[in-house]
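Try each task before reading its solution.

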Amino acid sequence: MTDPWQWADEIGPEKVVHLHDAAAGLRAVVAIDNTAAGPSIGGVRMAKDVSAEEAFRLARAMTFKNAAAGLPHGGGKSVVVGDPHMSDAEKETLIRAFAQAIRDLTGYIPGPDMGTDERCMAWIRDEIGRAVGLPPELGGIPLDEIGATGLGLAVSADVASRRLDLPLAGARVAIQGYGNVGRHAARFLAARGAVVVAVSDSGGVAIDAGGLALDSLDVLKREGRSVADLPGCGSTSSEAILDVACEIWIPAARPDVVTEENVDRLDTRLVLQGANIPFTPEAERILHTRGVLVVPDFIANAGGVICASVEYHGGDERQALQTIETKIAANVEAVLEKAQASGQMPRAAAVALARERVRKAAATRRWHA
Ligand code: NAD
């Protein structure tokens with residue numbers, strides 16, 4: 001068995017709880033990393049192969065993301081062992097059992113993640129009265145529909161492009177992953193005058209140096225087709241997105257897509273990380289030495305959790321969009337300023353900023369080191 005203390009440091013984890021209910025077929029782990037600023041918020045991930053280590057690492061990422069965004073919440077995460085494609089009835093039984101098992105873990109507010117959705121959050125809310133990412137009829141703000149994370153990426157572009165002296169009007173944008181995050185990032189950036197020259201999905205890539213027709217791409221996606229089906233622009237090689245010359249490159253698909261092996265293929269000035277941990281640390285360092293500005297994931301893609309926090313505190317869609325704009329603009333500014341002043345990479349500056357906020361929040365609490 002791995003050493004249960006190997007991850008512990010001055011931040012957390014506060015609690016890592018294994019849940020087991022043989023009758024309901026429930027096996028799950030909840031990691032509450034830190035609650036200094038308030039109850040932890042983090043998604044419920046359902047997959048066949050999840051581990052306590054994954055729960056903890058994701059919970060720590062949420063501590064940093066929530067602290068960096070200045071939310072009154074710490075970081076948590078849970079993983080539920082199960083096939084996300086099980087029948088609706090089976091999923092409801094499992095999720096309701098999970099909800100009952102976390103009833104007393106009041107320092108953890110669950111939200112949707114891979115393998116769970118707003119219906120699952122509605123079942124949890126029904127059981128124990130707390131969850132975010134709810135359906136609209138329960139006061140939820142549909143963050144993927146309004147493009148919460150995509151808006152945050154565009155706001156990050158506003159701030160970062162000023163620092164680079166890179167006008168957004170006419171800037172060429174390439175986006176890996178044309179899903180909830182990528183699609184809205186494209187829309188918000190195009191509204192600022194940027195030209196989306198390439199987008200990819202798991203089926204391929206669409207490239208047009210003159211600018212892609214976003215409406216046509218959206219129609220294709222609604223029909224369940226690939227961006228590669230865009231007439232005259234498509235090809236089945238998803239990887240080709242790495243070679244597109246552009247000013248702004250946005251990973252919005254999967255982790256670890258850019259490594260030291262392929263980082264040299266990127267020809268860009270600014271990277272806005274929409275996906276979580278899309279680059280290896282070494283790839284990020286290489287880009288830094290090349291003078292490419294990388295706005296790290298937990299700063300640039302915090303729009304979703306900011307939206308969830310606004311929902312939890314009773315706000316509406318308009319307040320969510322405003323809060324995303326204000327908080328992400330301030331955070332990107334603070335991180336890039338700190339990075340420049342200290343000579344650190346933006347990620348190191350962002351982690352230092354987040355740690356400092358957690359430390360200050362902890363100092364206001366009765367029990368702190
Ligand atoms: P999504 O499933 O809606 O979209 C993912 C897209 O990536 C799809 O178009 C898929 O076809 C594409 N894709 C998968 N593999 C690919 C590959 N090898 N090459 C190119 N494209 C590929 O997911 P999403 O909600 O847009 O999330 C995207 C990423 O952003 C995930 O890593 C997620 O964890 C992260 N994220 C999402 C949010 C949010 O608000 N949805 C918030 C923060 C972080």
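**Exercise 1. Find how K77 and D113 meet, and say whether they are buried or exposed.**

Solution. Start with the side chains: K77 and D113 form a salt bridge, N to O at 2.7 Å. The criterion is a side-chain nitrogen of Lys or Arg within 4 Å of a carboxyl oxygen of Asp or Glu. K77 sits in strand β4 (residues 75–81), while D113 is in the loop between β5 (108–112) and α3 (118–128). The two are 36 residues apart, so this pair links distant parts of the chain. Helices (H or I, at least four residues) and strands (E, at least two) are DSSP runs, numbered from the N terminus. Last, check burial: both K77 and D113 are buried. Buried means under 20% relative accessible area, exposed over 50%, and partly exposed in between (1.4 Å probe, protein chains only).

The model is predicted: local features need pLDDT of at least 70, side-chain atom pairs count only at pLDDT 80 or more, and totals for chains, interfaces and linings use all residues. Residues are numbered from 1 along each chain as its sequence is written, and side-chain values use heavy atoms, with hydrogens and water left out.

**Exercise 2. Determine which parts the R355 and D9 pair ties together.**

Solution. The side chains of R355 and D9 make a salt bridge of 3.5 Å, N to O. R355 belongs to helix α12 (residues 346–363). D9 belongs to the segment before β1 (15–21). The pair therefore ties together parts 346 residues apart in sequence. R355 is partly exposed at 28% relative accessibility, and D9 is partly exposed at 31%. Now widen the view: salt bridges that share partners join D9, E10, D33, R60 and R355 into one network. The salt bridge count comes to 26.

**Exercise 3. Describe the surroundings of S226.**

Solution. S226 lies in the loop between α7 (214–222) and β9. Its relative accessible area is 12%, so S226 is buried. A polar atom of the S226 side chain lies 2.9 Å from the backbone nitrogen of A228. Leaving out residues up to four places away in sequence, S226 touches D201, G203, G204, L220 and K221. Contact means heavy atoms within 4.5 Å.

How values were computed: A polar contact is a pair of N or O atoms within 3.5 Å; within protein, one must be able to donate a hydrogen and the other to accept it, and residues adjacent in sequence count only if both atoms are side-chain atoms.
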